[in-house]
Amino acid sequence: MEKSLRRKLTFSHMFVAIVCVLLISIVANNFLERQFQNYIIQTIERKSNDIVSAIRQQYNLDDEWNSIRIESIGVDALENGFIISVENLEGKIIWDANIYNNGKCESIIEHMAQNMRQKYSNWQGEYKENQYDILSNSQKVGNVKIGYYGPFYYNDNDMLFLDTLNKIIITVGVVSLLIAVILGVIIASGVSRPISRVIDTAENISNGKYDERIKGKSDIKEINKLTTSINHLAKTLQEHEMLQKRLTADVSHELRTPLTTLQSHMEAILDGVWEPTMDRIKSCHEEIIRINRLVSDLEKLSIYEDENFVLHKSQFDISEVIKNIILNFQSQSLDKNIEIEAKCEKQMIFADKDKISQVCINLISNALKYTLQGGKIEVRLDKKKEFIELSVKDNGIGIAESDIPYIFERFYRADKSRNRLTGGAGIGLTITKRIVEAHKGKINVESKVGKGTVFKVILSI
Ligand code: ADP
């Protein structure tokens, strides 16, 4: 049967508390009682010795039996549960508690037996008698018999003490149990509440509410980690959903513009409104080229997004590659009056030449696209230990801070209208990043709107 975490934790806490309290109570009770029994047995022994030495002292003081003094010792002993009988050397009774007060002796023994039976249901005790010699100057002058209820007995004070001890143990047990249960409930809700919060939010996220976040912190490390993971998951899903929507919007938008133009031109020609002149056919052709470019961009993307795309590595001089690419862009840079400066010295690297060329082409062509007339582009190659850093810096339009995290995503374009004019579909940087990462390299970007952008690629030699 399924149980809630809260119930399960409360019950297990209660169970552990009950077992602990019971165990501690039983052990404490047994231990204390055993100690007390030892103490009682020792007390009986000590008191017996005290009685013997008191009688011996009496004889030594008076040098004869003094029945009045012995009676006072005997009465005192009787009060403590000892029935004594003193005899001289000839066997003559000097003082005997039974003779003195037989009824009291019997009632004392019966009372002790009753106390012990009340305490222990299957108690087996009996009247015991020990005999001690009375010596004077190392000469035996008589003996004393000390009788008591054995092996040991509890008097009323002892019974009261044991009773109080039991009550204390029971009270402490019950109070500890109550505290344990209350603490158990508090701890269980402390653990289950944040987990329930996580579950609720996770359910909402799974129902598509990606903007949901788990708020508040728990004092449990694992729950905080879970919360952070779920929040991160929601954020990632939200970003993906946003990109997905943007991707669909971008692709359909890119297709709609040339298709609408084509459709209206064709309809006008078919309806006889327009003459199929060379210019009109040329314009239709350009739109078809634009659609084709988008489709081939999509194809290229699918190749580079394939997890298993293969690198054909070889040793080559990357500075040579860069210089050739800059040469190929010369007419474009002249058109926009943009100066491209290359600070590259010969540098051999082991990589896929075609794909690294693609990286350089993408970065330099972007720099050209997003730099205004009369701007400047600087391409540098710096060696850093076993790495090289290729940087492409421009003083163009820059990228807004809010766009920077997304520019490497498929079809993401910071400024849609400008891109449509320049013909970019927003996949150049996605491919660039994919190639760099396939070479186990890194790419990052720093940019300021209106100031310019620098892309840095780090590759191992
Ligand atoms: P596109 O084909 O649109 O250029 P990219 O993937 O190459 O696609 O670039 C993604 C977006 O990043 C661009 O649309 C542009 O907004 C921004 N971008 C890339 N390079 C630069 C740059 N050098 N300066 C300013 N913006 C840039």
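Trainee: At roughly what angle do the axes of helix α7 and helix α9 cross?
Mentor: Please keep in mind that this is a predicted model. The axes of α7 (residues 318-328) and α9 (residues 353-369) cross at roughly 45° and come within 10 Å.

Trainee: Is the crossing left-handed or right-handed?
Mentor: The crossing of α7 past α9 is right-handed.

Trainee: Which residues make the contact?
Mentor: From α7, Ile 318, Val 321, Ile 322, Ile 325 and Ile 326 take part; α9 contributes Lys 353, Ile 356, Ser 357, Cys 360, Ile 361 and Ile 364. Of these contact residues, 9 are nonpolar, 1 is polar and 1 is charged.

Trainee: Turning to the sheet, in what order do the strands lie?
Mentor: The open sheet has 4 strands in the order β2-β1-β4-β3, with antiparallel pairing. Its edge strands, β2 (93-96) and β3 (126-136), each pair on one side only.

Trainee: How many bridges join β3 to β4?
Mentor: There are 11 bridges between β3 and the antiparallel strand β4 (residues 139-150). Across this pair, Lys 128 stands opposite Tyr 148 of β4.

Trainee: Which strands does helix α1 lie across?
Mentor: Helix α1 (residues 5-62) lies across β1 (83-88), β3 and β4, at about 35° to β3. Helix α2 (residues 67-79) lies across β1 and β2, at about 30° to β2.

Methods: Residues numbered from 1 in each chain as written. Predicted model: local features only at pLDDT ≥ 70, side-chain atom pairs only at ≥ 80, totals over all residues. Heavy atoms only, no water. Pairing = 2+ DSSP bridges. Helix = DSSP H or I, 4+ residues; strand = E, 2+ residues; numbered from the N terminus. Contact = heavy atoms within 4.5 Å. Axes fitted to C-alpha atoms, helices over the stretch in contact; angles between N-to-C directions. Left-handed = near helix turned anticlockwise from the far one by under 90°. Nonpolar A, V, L, I, M, F, W, Y, C, P; charged D, E, K, R; others polar.
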